Each structure stands twice: as structure tokens, then as C-alpha cells.
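Q: Hey, could you walk me through this model? I'd like to ask a few quick things as we go.

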Amino acid sequence: MSPADEALIVAIARLIPPSRHAAIGAASPIPAAASLLAREMSGNLRVSMLYQRRGNVFTDGTGELFDLAAQGRIDLFFLGGGEIDGAANINLIGLGEWPGRAVRFPGSFGSAFMYLLVPRTILFRREHSRRVLVPRVAYISAPGTSPPGVFRRGHADALVTGRAIFRFSPERARFTLASVHPGETAETIRAATAFDYDIADPLPETPPPSREELALLRGPVAASLAPIYPAFVSRLAA
Amino acid sequence: MRFVDLDALAGMVPPDAVVAIPPDNSATPSSLARALARARLSGAGYAISLIGVPVSGYATDLLIGTGCVAEIQSSAVSLDEAGSAPCFTRAVKAGTLRMRDATCPAMHAMLEAAAKGIPFIPIRGILGSDLLAHRTDWKVIENPFQPGDPIVLLPALAPDIALFHAALADQEGNVWVGRHRELAVMAHAARRSLVTVERIVERSLIEDELLAPGTISAAYIEAIALAEHGAWPGGLTDEYPDDEAHLAEYAALARTEEGFRAYLARYVYPAPAEAAE
């Protein structure tokens with residue numbers, strides 16, 4: 001994994017407290033690494049990971065994750081998106097004529113359900129570009145906000161990319177640029193973001209990963225993750 | 001319930017069946033998918049309607065690439081760490097595959113409804129997703145117990161056939177799936193289950209109180225074939241991990257039609273060792 005991956009994981013890990021129970025879906029090495037790092041840092045986080053080889057808590061099949069979420073037993077989930085827009089809508093379906101005749105993404109996974117039922121979601125996407133962070137997604141896999149009367153426990157809290165961190169206000173359905181990673185400025189982020197947003201004043205720089213965070217990430221976190229995401233972890237060690 | 005060989009098991013799948021299969025990390029029936037692909041390449045015509053439980057991977061992509069699949073209903077199709085599913089992506093873009101997008105808990109819930117013998121099941125979430133507009137079989141009603149609370153209703157989904165792999169079967173045809181309870185729901189929901197297993201054991205799985213809760217009764221199972229490493233390149237809990245190198249090789253080859261044909265020649269057809277019982 002590259003320094004950019006490490007910075008992204010550490011930035012997400014720092015946002016995880018005060019959540020107490022994070023769930024990780026399939027094919028999610030970055031949130032898995034961030035949650036395990038947050039657990040190492042605080043010692044006070046339950047991490048329930050689907051398809052974990054050892055210590056898999058889901059003894060009632062892969063559907064149990066969604067039952068847990070439906071009951072409100074999970075505090076925190078993570079979602080990415082082929083496209084993410086300024087109202088925190090995410091698109092995992094595709095572009096062009098339905099269902100993605102121009103560009104096809106893998107599919108919505110559990111997003112259409114988890115986004116509404118988990119009290120707190122952290123959005124992440126390493127690529128920070130105008131094709132990913134769009135004014136309006138082509139298709140909504142999961143909506144950023146819901147009208148009054150729709151049963152919903154929570155929303156996106158933050159969006160972490162390889163270049164910056166945004167915080168989301170569900171009342172205003174709008175992001176605020178909260179910090180820029182080292183080497184970025186308000187101007188470079190504006191140029192790379194196609195949706196409109198507010199900017200924190202003053203605008204801080206995201207603190208780079210500390211020596212302790214990197215040691216935990218490359219040590220115990222990588223060791224826990226290796227059986228589940230071997231290719232990801234071998235890139236981390238490289 | 002009867003024991004047959006792998007190609008005979010593949011031969012029991014009707015060409016236009018609604019077929020449910022689990023993904024790579026959940027006891028996926030890869031050997032059986034390769035046997036179906038071989039039958040197709042030998043001239044059998046298939047127009048299967050596939051159901052990803054709740055998502056799909058290698059076996060699905062292989063079946064799509066060999067032209068076995070007319071339609072798929074799934075929450076996602078991907079090769080996880082190895083990237084996007086090349087044959088699926090190509091078929092969606094070409095318009096040769098009907099994709100019915102879903103979301104994971106809805107796939108589980110629709111199968112649970114069928115397993116319980118009820119016609120539909122309510123589910124939270126989904127409201128505001130474009131999935132709803134494209135799933136005309138999913139309805140929104142007002143919660144009859146709490147006015148002003150819109151909620152999604154999903155129809156029961158009873159596959160014609162469930163296909164999966166498992167570690168153990170016993171002489172009576174009971175099949176042990178351990179913690180993979182999604183396979184039990186799938187088998188309960190489906191009209192028939194066709195199963196491959198690593199081993200057939202002498203002792204009864206349902207007379208052992210430790211194994212019985214992870215066992216699917218033979219009442220649900222139509223036929224079983226022995227297939228060692230039958231999930232490969234997918235993994236099987238406590239038996240072998242996913243073969244990431246092979247999945248990466250598949251992903252690289254299947255990126256083009258020519259590469260996919262080279263993959264079939266190398267790993268799928270003919271494969272006498274795999275077809276033998």
C-alpha cells in the first residue's frame with residue numbers, strides 16, 4: 001500500500017471515535033484497516049467484519065450483518081461510490097443508459113439499506129477528481145438525505161478522499177471542506193471537485209500519519225488483515 | 001436424494017432455470033459452473049436466470065462469458081480484490097444481459113420470504129434509491145400499523161434451483177455448511193438444491209448435536225456430486241482460502257474475448273480430472 005493509502009486509512013481511523021461498533025462489508029480493505037487501527041488506538045471499538053476468516057462474528061450467515069443494522073446494533077458503516085455528489089448521494093450502478101451501458105460499476109451492495117439504518121456513515125474514495133465528485137450522480141444507489149417521514153437513523157458524517165476531508169450537514173444537504181491533506185490547498189481542491197461546498201475558516205491541513213499510527217498500521221493491523229485482503233496487505237508491506 | 005458425478009449434476013440444471021448461487025467467499029460452486037460451461041461449449045443451449053446470494057463473482061462471470069445466462073438479479077457482480085467482473089461488465093455494456101440491480105439485504109429477505117412460504121416481506125431502507133424505480137416488482141406501501149410510515153415490500157423469491165458447494169455430506173445426503181446459514185436459507189427457498197462437496201462421510205451429520213445446527217437436511221437436496229476443491233478459485237471456510245493469484249489471472253485474461261477463450265481452453269474445457277468422480 002502506498003503512503004497515500006496509509007494517509008487515507010489513518011484519516012478515516014481518526015474520525016471513528018466515539019462510535020463503538022463498526023461493521024465492515026465485503027471487499028472493503030480500507031475501512032477494515034481504518035477500523036482495526038481505531039481499535040488499536042482506543043481499545044474501545046467492536047469491529048464486525050463480514051467474511052473475516054478468524055473471529056467472524058456472523059454465525060447466522062452473511063445476512064446477519066443487515067439484521068444487526070436494521071435493529072440499530074451497529075453505530076458506524078463505510079460506503080464508497082463510483083460517483084459521489086454534493087448532496088452525499090452515491091452511485092455504485094453506472095453511467096449512461098440504465099443499468100450502466102456506458103460505464104458499469106459493480107452494483108449497490110448493501111448501500112441502499114445501510115445508509116438509512118446505520119446512525120453514522122463515513123464516505124471514502126481515494127480518487128478525488130471531477131469525474132468522481134460530481135454535481136449530481138447519474139443514478140442514486142443510496143440517497144444522501146431523505147424527506148421527512150422516511151425512517152432513517154443517520155447520514156454521512158464525513159467524506160474522506162486522497163486529498164481532503166469534508167464534513168456533511170444533512171440539514172443543509174451540503175459538504176464543508178474541513179481539512180486538506182499535505183500538499184493540497186483550497187484552490188487545488190476546488191479545481192478537483194465538481195460539486196459545490198463550503199470551506200472551513202480557517203482551513204487546516206490534515207495532520208500526516210504519526211509514527212505510532214504508522215507502526216500500528218504496518219504491524220498488528222496488517223497482520224490481522226493479511227488473511228482477508230492478502231493482495232492489499234502485500235501492497236502495504238511493499 | 002442421489003449421488004451423481006459432476007457432469008451429471010450439471011446436466012440436472014434445466015436450460016431456462018432460475019438458479020441461485022453464492023459468491024466467491026461463500027462456498028461458491030465453481031467446479032459445477034465449469035461443468036455447466038463445458039456443457040454449453042459442447043452445444044447445450046442455456047438461458048439461465050441467475051440469482052446472486054446476495055452478490056456474485058467468478059462462477060457467475062464464467063457462466064455469463066460462456067453464454068449460459070440470459071438475466072441476472074444481484075446486488076453486485078465483482079471479483080473483489082481482483083477487480084471488476086469482465087464478462088459481466090462487457091455483457092451489460094453490450095446489452096446482451098438483462099441486469100436486475102438489487103441490494104444485499106433485499107436479496108436475503110426475498111429468499112427468507114420464500115423459505116417461510118409467505119408471499120412478500122417488508123424491508124427498511126431503499127426509499128430514495130433509484131433501484132426502486134427499476135424494480136417494478138418492489139412496492140412501497142404505508143405501514144398498516146403506523147400511518148405515515150412508508151415501507152418497501154419485496155416479493156418472495158423461490159429459485160428453481162440452488163447451486164452451492166459445501167465441505168461435507170453424509171450417506172443420507174445431509175449437507176454441512178457450518179456458519180454459512182445463507183446457504184440454508186437459499187436451499188429452503190429453492191425448489192431443489194444441487195450440491196457439490198469436498199467429502200462424503202460415514203457418520204450421520206444430523207445425529208451429531210454439534211454439527212446438526214450447521215446442517216441442511218437431505219429433504220431439500222436433489223443430488224450431490226463429489227468435487228474436491230469445488231469452490232476453487234473461491235475459498236471454503238477452514239478448508240482453503242481464495243486463490244487470489246488465480247482470480248487475478250482470470251481477471252486479466254477475461255478482459256478480452258480472446259483472453260477469455262484462452263482461459264477456457266486452459267482451465268475449463270476439457271478438464272477430465274475435474275469431471276471424474
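Q: How many residues of domain 1 of chain B are in contact with domain 2 of chain B?
A: Four residues of domain 1 of chain B touch four residues of domain 2 of chain B. Keep in mind that this is a predicted model.

Q: And what classes are on the domain 1 side?
A: The side of domain 1 of chain B that touches domain 2 of chain B has one nonpolar, one polar and two charged residues.

Q: Where does the domain assignment put the two domains of chain B?
A: The assignment gives domain 1 as 2–103 + 158–275 and domain 2 as 120–155 in chain B. Their C-alpha centres lie 31 Å apart.

Q: Okay, switching to the chains. How many residues of chain B are in contact with chain A?
A: There are 40 residues of chain B in contact with 40 residues of chain A.

Q: Which elements of chain B give two or more residues to that side?
A: Those are helix H4 (86–94), strand S5 (98–101), H5, helix H6 (131–134) and H7 of chain B.

Q: How does that side divide by class?
A: The side of chain B that touches chain A has 13 nonpolar, 16 polar and eleven charged residues.

Q: You mentioned H5 and H7. At what angle do their axes cross in chain B?
A: Roughly 50 degrees, with the axes of H5 (residues 104–116) and H7 (residues 181–189) of chain B coming within 8 Å. H5(B) and H7(B) are therefore oblique to each other.

Q: Is that crossing left-handed or right-handed?
A: H5(B) passes H7(B) in a left-handed crossing.

Q: Nice. Which residues make the contact?
A: From H5(B), B:His108, B:Leu111, B:Glu112, B:Ala114 and B:Ala115 take part, and H7(B) brings B:Glu182, B:Val185, B:Met186, B:His188 and B:Ala189. By class, the contact of H5(B) with H7(B) has six nonpolar, two polar and two charged residues.

Q: Last topic: where is B:Leu9 found?
A: B:Leu9 sits in helix H1 (residues 6–11) of chain B.

Q: Buried or exposed, and why does B:Leu9 count that way?
A: B:Leu9 counts as buried because there are 26 C-beta neighbours inside 10 Å, and the cut-off for buried is 20 or more.

Q: What is B:Leu9 in contact with, leaving aside neighbours within four places in sequence?
A: With that exclusion, B:Leu9 contacts B:Val4, B:Leu32, B:Leu194, B:Thr196, B:Ala223 and B:Ala225.

Q: And how far apart are B:Leu9 and B:Arg100?
A: C-alpha to C-alpha, B:Leu9 and B:Arg100 are 27 Å apart in space, and 91 residues apart in sequence.

Notes: Residues are numbered from 1 along each chain as its sequence is written. Chains are lettered from A and ligands numbered from 1 in the order in which they are written. This is a predicted model: local features need pLDDT of at least 70, side-chain atom pairs count only at pLDDT 80 or more; totals for chains, interfaces and linings use all residues. Axes are lines fitted to C-alpha atoms, for helices over the stretch in contact, and angles run from 0 to 180 degrees between N-to-C directions. Helices (H or I, at least four residues) and strands (E, at least two) are DSSP runs, numbered from the N terminus. Angles under 35 degrees count as roughly parallel, over 145 as roughly antiparallel, 65 to 115 as roughly perpendicular and the rest as oblique. A crossing is left-handed if the near helix is turned anticlockwise from the far one by less than a right angle, and right-handed if clockwise. Two residues are in contact if their C-beta atoms, placed from the backbone, lie within 7 Å. Ala, Val, Leu, Ile, Met, Phe, Trp, Tyr, Cys and Pro count as nonpolar, Asp, Glu, Lys and Arg as charged, and the others, Gly among them, as polar. A residue is buried if 20 or more other C-beta atoms lie within 10 Å of its own, exposed if 12 or fewer, and partly exposed in between; C-beta atoms are placed from the backbone. Domain bounds come from an automatic or database domain assignment.
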